[in-house]
Amino acid sequence: PFDLIWIGSWARRPDAERCRELFPDARSVADLADDVVRAREIERGKSGSIRGQLALWREIVRFRDLERSALEHVDVALYVSEAAAASTLRRTPGVRVETPSPKRGDAPVVAFEGTMDFAPNIEGAVHLVRDILPLVRARIPEVEILLIGREPTPTVRALAGPGVTVTGTVDDVRAHLGRASVFACPLLGGVGQKNKILQAWSMGLPIVATPISTVGLTFEDGADLVLARDTRAFATAVVELLEDPVRRDALAREGRANALRNYSPERRMDDVESLVRDLVRCRSGGGSSGGCAADVAP
């Protein structure tokens, strides 16, 4: 006997009825992430050809049938956004849908996370504790700093002290990020997209970041995060967020929505698929509306 059956994707939906037959006393959860029916409906609305619209309509009908037959045999369906849950509920009223929201603390705790033997993270941690923290403490004396990440160097470990915790390696960063009410990304150098910001967004944390921290990210300053261009502006932004829970909630909500909209695995794989299809069309001589990526010199 099983206590719980976890159906982990759209591909496993047909198993829901069979699982219910085999294990009638078990609770079941369908972890569906996104509303693929609605996604196909949006694609159909954008399709410029009758053939494409018909093909998408067939998919929509098939997914609706799968959805209906599966959801009547599970106890809870999980989605990553309120919009996906709401549209599913409109099609299948009576089904229990949930969107587990990340929890965060209300105490004046500011977190920074990263591998702590990586030079940009070391520099950022030092900047946060030695330059930014004193300015924040002048307004909020009880503020705490969490430096979360594996392999802290002696320089990082030396930052630990009253109100400053260096965690070292942890089993799950979410438990520690969940203590924070603000995420700080005070990097002064480094290249590439900062996964720590995507992670904080997905955890529902309001973010204050330096410009170098946001390279390669799509965001609106003041809506998805607060961009701070110097030390004093950074400290001021942290203080304002710590003192304003309504503003923290709004920033966290918009940041998480941005992460789900632009950086979900499905969204990023759509971009990769488009690139692959473009390259294949170019190789076969089909060309593309935006020019062949294969023709661009490295």
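**Exercise 1. How many aromatic pairs does the rule give, and which kind is the Phe2 pair?**

The count comes to two aromatic pairs, where rings of Phe, Tyr and Trp (its six-membered ring) pair if their centres lie within 6.5 Å, with planes under 30 degrees apart called stacked, over 60 edge-to-face and the rest tilted. The model is predicted: local features need pLDDT of at least 70, side-chain atom pairs need 80 or more, and totals for chains, interfaces and linings use all residues. Residues are numbered from 1 along each chain as its sequence is written, and side-chain values use heavy atoms, leaving out hydrogens and water.

Step 1: The ring centres of Phe2 and Phe23 are 5.1 Å apart and the planes stand at 85°, so this pair is edge-to-face.

Step 2: Phe2 lies in the segment before β1 (4-7) and Phe23 in the loop between α1 (15-22) and β2 (27-33), so the pair ties together parts 21 residues apart in sequence. Helices (H or I, at least four residues) and strands (E, at least two) are DSSP runs, numbered from the N terminus.

**Exercise 2. Which residues of α10 meet α11?**

Solution: Arg261, Asn262 and Tyr263 in α10 meet Pro265, Arg267 and Arg268 in α11, with contact meaning heavy atoms within 4.5 Å.
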